[in-house]
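Please consider the following structure together with its sequence.

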Amino acid sequence: MEIEGGMTMDERRKNFFTVDRRFRARLGRLLPADVLAWAKPRFVEMGDLAANFFDPRAALADRFSPTLRTHDRHGNRIDRVEYHPAYLEMARRAYEFGLVSMRYDSELARRFGYLPYVVIFGLGYVLSQAEAGLYCPICMTDGAARVLVKFADPALRDKWLPRLTSRDFDALAQGAMFLTEKQGGSDVGANTTKAVADGDRWRLYGDKWFCSNVDADVILALARPEGAPPGTRGLGLFLVPRTLDDGRRNAYCIHRLKDKLGVRSMATGEVTFEGAEAYVIGDVGRGFTYMTEMINLSRLYNAVASIGSMRRSVYEAVAHAKEREAFGRRIIEFPLLRRVLADLIAEHEAAMALVFETIRQLDLVDSGAGSEDAAVQHRLLLPLSKYYTARLAVWAASQAMEILGGNGYIEEFVTPRLLRDAQVLPIWEGTTNILVLDARRAMIKEEAHLGLIEATRRRLEALHHSDLQDLRGPVEAHLTKLLDDLIPFLDGQTEALFAGQAITDRLIRVTQASLLLDEAQQNPDEIPVARYFVQKHMTGMLDSKAADSIIRAESESLDGEVGD
Ligand SMILES: Cc1cc2nc3c(=O)[nH]c(=O)nc-3n(C[C@H](O)[C@H](O)[C@H](O)COP(=O)(O)OP(=O)(O)OC[C@H]3O[C@@H](n4cnc5c(N)ncnc54)[C@H](O)[C@@H]3O)c2cc1C
């Protein structure tokens, strides 16, 4: 079948949700029965859309990136971003599906009391197996809505929230977040964009260097009011509408779009505010604190995009290895290749465990069902989830590409796009180092590691399944050694700081091990994954029997042999 753009669609793919046995089991563990019953048909629909609607369009939108038209034919400045129709079709479908609006739907709120983020992020996980670029604007729109709900004055909130959370694509206002400037993205405190009071509003002046979803209707931007102190303390958060109430363009220009390695379907631009009309959010001196709310949500979106990308790598690698023959045998039979497949599947499952635990803690906080402990655990799990899964997504895409051999390197296959798209995940929303430092800050200021470690201990102590007993000791030993090594890291000793990422990696893996063991206890089908992961990371052994089981289960799942 041909679709616009002259690219041939691959043959119809299997539903990304129904072939994902491990994820379906996870949803069953995480969601209350009534929410699960309501959500399941939506997951099935999204699984089919991701595989057969979004995926072919994502390939087109990647190939035909947006362009910027700065002037109309009369020479007037218009700064209009023009998208390939495939991108616009994807955007319409995603927003109309309710990926942002669902959480703000009063009918659903009445029905369930609270619609868990597990549903929203679960759907995002399925979508992002097909398309990574569009997931950024969805995240920005959701994040802007969250900031307005939490911090904006009622008048400002009521003006924009209905449009940010609209299910009607034609009425929708999309969001964006402009923080990064030429002199620094990590060092946001170095921002120089200026805010000048102008009656009941403000005017912004200055340059923003990386602006994704650059033509959004609602921009949240950090700027420094005149006379405010340096650093993050002096920053205010402002809402900058693209279009003014009287229909005129607001006073900022888009100079050009970035020519990016990946996420090419979505427009990232360079912007100068030239006295743009802006509205302060909350208390002008607390802008960075408010912005942190949006950054935190977008870091979780990033982690979800990472596990979605990894899942696609698993799918492509296993599907190919089952079919491809070399030396008279299917390549899935070769032990060296089985090692790579087992690593991919186990690391993906462990990444899922980490990210969905982070989401579960957020749900506990947001729904009011959790204690202070949930908030503190979430505070630490978030940077850990973001940086660790982002790096894994790049690794997994590279592994999947190699399993596809030469074809894997060719743009007619999805693997180059997967790898290019994955490579942004460790950079935007905070680089790996910045997140390791953020995690360290959470451990020093809030002693967040204590709650996380306590939860890990509790999970280990509760293990009673006979097939898991031999795995408990190595994880406990790992945990004890880690506790010793955390002390110099938190004290700031130079050698320990140098090895900082290795230490936080170990904290992550011990957490993942306990989560996988706990899940295996609840569902013995998961024992081989837990066993493989613990053996690999805690004892240095490679368990080929466990690998056989997890590859067989994954392969059968892709064949659709496992029922709903
Ligand atoms: C495609 C794309 C889209 C983007 N979209 C947006 C957007 O919509 N809005 C927005 O505001 N930004 C956006 N960004 C910017 C992005 O968030 C920044 O690029 C990122 O935060 C890094 O900032 P930087 O580029 O200034 O690098 P720098 O801050 O200069 O960092 C350079 C290197 O130094 C390291 N480093 C810095 N400080 C330390 C430290 N204390 N210890 C150890 N290492 C350190 C970093 O880890 C990094 O490896 C986007 C970026 C990309 C690539």
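D79 is located in strand β4 (residues 77–82); here strands are DSSP runs of E with at least two residues, helices are runs of H or I with at least four residues, and both are numbered from the N terminus. The model is a predicted one, in which local features need pLDDT of at least 70 and side-chain atom pairs count only at pLDDT 80 or more, while totals for chains, interfaces and linings use all residues. Residues are numbered from 1 along each chain as its sequence is written, and side-chain values use heavy atoms, with hydrogens and water left out.

Although D79 is not a glycine, its phi is positive, at about 45°. With a relative accessible area of 8%, D79 is buried; buried means under 20% relative accessible area, exposed means over 50%, and partly exposed lies in between, with a 1.4 Å probe and protein chains only. The side chain of D79 makes a polar contact of 3.2 Å with the side chain of R249. A polar contact is a pair of N or O atoms within 3.5 Å; within protein, one must be able to donate a hydrogen and the other to accept it, and residues adjacent in sequence count only if both atoms are side-chain atoms.

R249 itself is placed in the loop between β9 (236–241) and β10 (252–257). Its relative accessibility is 38%, so R249 counts as partly exposed. A polar atom of the R249 side chain also lies 3.2 Å from the backbone oxygen of Y252. When neighbours within four places in sequence are left aside, R249 is in contact (heavy atoms within 4.5 Å) with R77, I78, D79, R242 and L244.

F327 belongs to the loop between β12 (325–326) and β13 (329–330). Is F327 buried or exposed? Its relative accessible area is 82%, so F327 is exposed.

The protein chain is divided into domain 1 (11–164), domain 2 (175–286) and domain 3 (290–558), with bounds from an automatic or database domain assignment. The contact takes 43 residues from domain 1 and 44 residues from domain 3. Taken over C-alpha atoms, the centres of domain 1 and domain 3 are separated by 24 Å.

R312 lies in helix α8 (residues 287–323). Its relative accessibility is 0%, and R312 therefore counts as buried. The R312 side chain makes a polar contact of 2.8 Å with the side chain of D55. Not counting residues up to four places away in sequence, R312 touches R13, F16, D55, Q129, A130, V414 and L418.

V414 and L418 are among the buried residues of α11, together with T415, P416, R417, R420, D421 and A422. Because 8 of the 9 residues of helix α11 (residues 414–422) are buried, this helix is largely enclosed by the rest of the structure. The buried residues of α11 pack against α2 (33–63), α8 and α10 (372–403).

Attention now turns to the ligand.

A polar backbone atom of L179 is 2.8 Å from an oxygen atom of the ligand. A nitrogen atom of the ligand lies 3.1 Å from a backbone N or O atom of F210, and a polar side-chain atom of N433 lies 3.1 Å from a nitrogen atom of the ligand. The protein covers 65% of the 970 Å² of accessible area that the ligand has on its own, with areas from the Shrake-Rupley method and a 1.4 Å probe.
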